[in-house]
Amino acid sequence: ISRLVSRTRPFVMRRTKQLIADELPPKIEIDIPLELTPKQKAFYQRTVEEVRGQVQDAYANHALAQARIIALTAILRLRQICLAPSLAAPTASESSPKLEFLAEQLEELRDEGHSSLVFSQFTSYLDLVERGLQGKGFSILRLDGSTLVAKRKKLVQTFQDSAEPTVFLISLKAGGKGLNLTRATYVY
C-alpha cells in the first residue's frame, strides 16, 4: 500500500482549508431561534422527565462509560424532538417549525437563483426534508452513508455543474470527507 501511495501522490491534489482560506468569502453565521409548537413542547417536556430518571439511574447503577452512553442517547432523542417529533416518535403527525422554516427558506432561495446545502446528523431528518421538497419542484441531490463512493463524485460534479438552483442534502458523517461544494451560497 505504501508503494501505491507514493506512486499516486503526485496525481492527488489535496488542499486544506488553511491553504485556500484567502480564496473563501467571509463566513456569516446566523442563529435563528424557532419556537416549538405547544404539542412539540409538551412532548419534549414529557421526554425530559422520562429520560432524567433513566440517566440518574444509569449513573447510580452502571459503569461510568455505560451511563455516559445512556445520557448521550437521551440528549440525541431530545434533539430529534426539536427537529421533528416524528423522528423520536414515528406516530407523531404534527408538523415541525424547523421543517416548515427550512422549506420556506429554501423556496425563497431557489426563486432567487441560489443553490443550498442542508446538513444533518440524522438521515431520517434528511428523508423528511426530501419528501417535503419533492412536491414543490425542487432539484434535489442527496449524499449519505449509503451512497457508493463512485456515485459521490458524480453527485458532487452534478451539483457543481447544475445550471438551475439545487438543494444538496448531506449527512454530516458522509459529507465530512473532502467535498468541494462551491456552488452553494447558503448552508443549513
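1. Basis. The model is predicted, so local features need pLDDT of at least 70 and side-chain atom pairs count only at pLDDT 80 or more, while totals for chains, interfaces and linings use all residues. Residues are numbered from 1 along each chain as its sequence is written, and side-chain values use heavy atoms, with hydrogens and water left out. Helices (H or I, at least four residues) and strands (E, at least two) are DSSP runs, numbered from the N terminus.

2. Contact means heavy atoms within 4.5 Å. On the H3 side the residues include Phe43, Val51 and Tyr59, and on the H4 side they include Leu64, Ile70 and Leu78. The residues of this contact divide into 16 nonpolar, three polar and three charged. Here Ala, Val, Leu, Ile, Met, Phe, Trp, Tyr, Cys and Pro count as nonpolar, Asp, Glu, Lys and Arg as charged, and the others, Gly among them, as polar.

3. Glutamine 45. This residue lies in H3. Glutamine 45 counts as partly exposed because its relative accessibility is 42%; buried means under 20% relative accessible area, exposed over 50%, and partly exposed in between (1.4 Å probe, protein chains only). Its C-alpha atom is separated by 17 Å from that of glutamine 56, 11 residues apart along the chain.

4. The sheet. Two strands pair if DSSP finds at least two bridges between them.

5. Pairing around S3. S1 (residues 116-120) pairs with S3 in the parallel sense over five bridges. Serine 116 has valine 167 in S3 as its bridge partner, and valine 118 has leucine 169. S2 and S3 also pair in the parallel sense over five bridges, and leucine 143 stands opposite isoleucine 170 in S3.

6. Six of the six residues of S3 are buried, so the strand is largely enclosed by the rest of the structure. Thr166, Phe168 and Ile170 point one way from S3, and Val167, Leu169 and Ser171 point the other way.

7. Threonine 166. This residue is in S3 (residues 166-171) and is buried, with a relative accessible area of 2%. Its side chain makes a polar contact with the side chain of serine 162 at 2.9 Å. A polar atom of that threonine 166 side chain also lies 3.0 Å from the backbone oxygen of glutamate 164. A polar contact is a pair of N or O atoms within 3.5 Å; within protein, one must be able to donate a hydrogen and the other to accept it, and residues adjacent in sequence count only if both atoms are side-chain atoms. Leaving aside neighbours within four places in sequence, threonine 166 is in contact with Ser115, Ser116, Ser139, Leu141 and Phe159.
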